[in-house]
Amino acid sequence: MNKNEILRYLRTSSKVEDERLFSLIDECVNEINISASPKTLHRIFDCEVSDNKVEINGFTFESQRLADTVMGCKKICVFGATLGTECDRLLRLYASSDIAKTMVLQACLAAKIEEVCDELENELKAQGLTIRQRYSPGYFDLDLKENKKIFEMLELTKRIGITLTDTYQMVPSKSVTALIGIEND
């Protein structure tokens, strides 16, 4: 994992030479490498984009920013990704005994799920697809409730074990859903 990215999540500079911090990061990265079970699921759908809506497979996503992001795209990748339940267990374990380690672990897990999402984007690019920036429910004007539509489209609970709470949060907590516009088809 990229230490600079982890330090960014910790909101500290990579110029800080804190031996304890770097040791803690290494320790957390090692635990994550043992515990994480990354899984992704994606599908590519046709889409229609209007001023403030994106229609995908019979579902309407209302968001001006999403529509602006994917304007001109005729296809869209819808995906889910998770690090698995063991990472949540690690967080719970340290939350009650070591707050510093919990904070570093949170940052490392955030960097790891981003790495998993970046790998999926790289797979799409390797297929010759030109993609736009990924866009997730909960960002800007795309309501977190839109996760429900993505879960229905992809059957994320059944296929990769992510569940959605009544408040539209994902379990395991280090999970992501997103939409990526595809410029060429």
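**View 1. The lining of the largest pocket in this predicted model.** Of the 26 lining residues, Glu 114, Ser 136, Pro 137, Tyr 139 and Val 176 lie nearest the pocket's centre. A pocket here is an open set of points on a 1 Å grid over the protein atoms alone, where a 1.4 Å probe fits, with protein on both sides within 12 Å along at least five of seven lines; lining residues have an atom within 4 Å of a point. The volume is about 740 Å³, taken as the space filled by probe spheres set on the points, which are joined across faces, edges and corners. Helix H3 (64–70), H5 and strand E7 (175–182) each give two or more residues to the lining, and H5 provides the largest share, five residues. Helices (H or I, at least four residues) and strands (E, at least two) are DSSP runs, numbered from the N terminus. By class there are 12 nonpolar, 10 polar and four charged residues; Ala, Val, Leu, Ile, Met, Phe, Trp, Tyr, Cys and Pro count as nonpolar, Asp, Glu, Lys and Arg as charged, and the others, Gly among them, as polar.

**View 2. Helix H4 packed on helix H5.** Here H4 (residues 85–95) and H5 (residues 99–126) have axes 8 Å apart, at an angle of about 160°. That makes the pair roughly antiparallel (angles over 145 degrees, between N-to-C directions). Take a look at the contact (heavy atoms within 4.5 Å): H4 brings Cys 87, Leu 90, Leu 91, Tyr 94 and Ala 95, while H5 answers with residues including Ile 99, Leu 105 and Leu 109. The contact residues divide into eight nonpolar, two polar and one charged.

**View 3. Helix H2 crossing H5.** The axes of H2 (residues 19–35) and H5 come within 9 Å and cross at roughly 55°, so H2 is oblique to H5. Among the contact residues are Leu 21, Ile 25 and Ile 32 of H2 and Val 104, Cys 108 and Lys 112 of H5. This contact has 11 nonpolar, one polar and four charged residues.

**View 4. Two backbone details to zoom in on, at Pro 172 and Phe 140.** A cis peptide bond, with omega about 5°, joins Val 171 and Pro 172; Pro 172 sits in the loop between strand E6 (170–171) and E7. Phe 140, in the loop between H5 and helix H6 (147–154), has a positive phi, near 45°.

**Notes.** Residues are numbered from 1 along each chain as its sequence is written, and side-chain values use heavy atoms, leaving out hydrogens and water. In this predicted model, local features need pLDDT of at least 70 and side-chain atom pairs count only at pLDDT 80 or more, while totals for chains, interfaces and linings use all residues.

Notes. Axes fitted to C-alpha atoms, helices over the stretch in contact; angles between N-to-C directions. Parallel < 35°, antiparallel > 145°, perpendicular 65-115°, else oblique.
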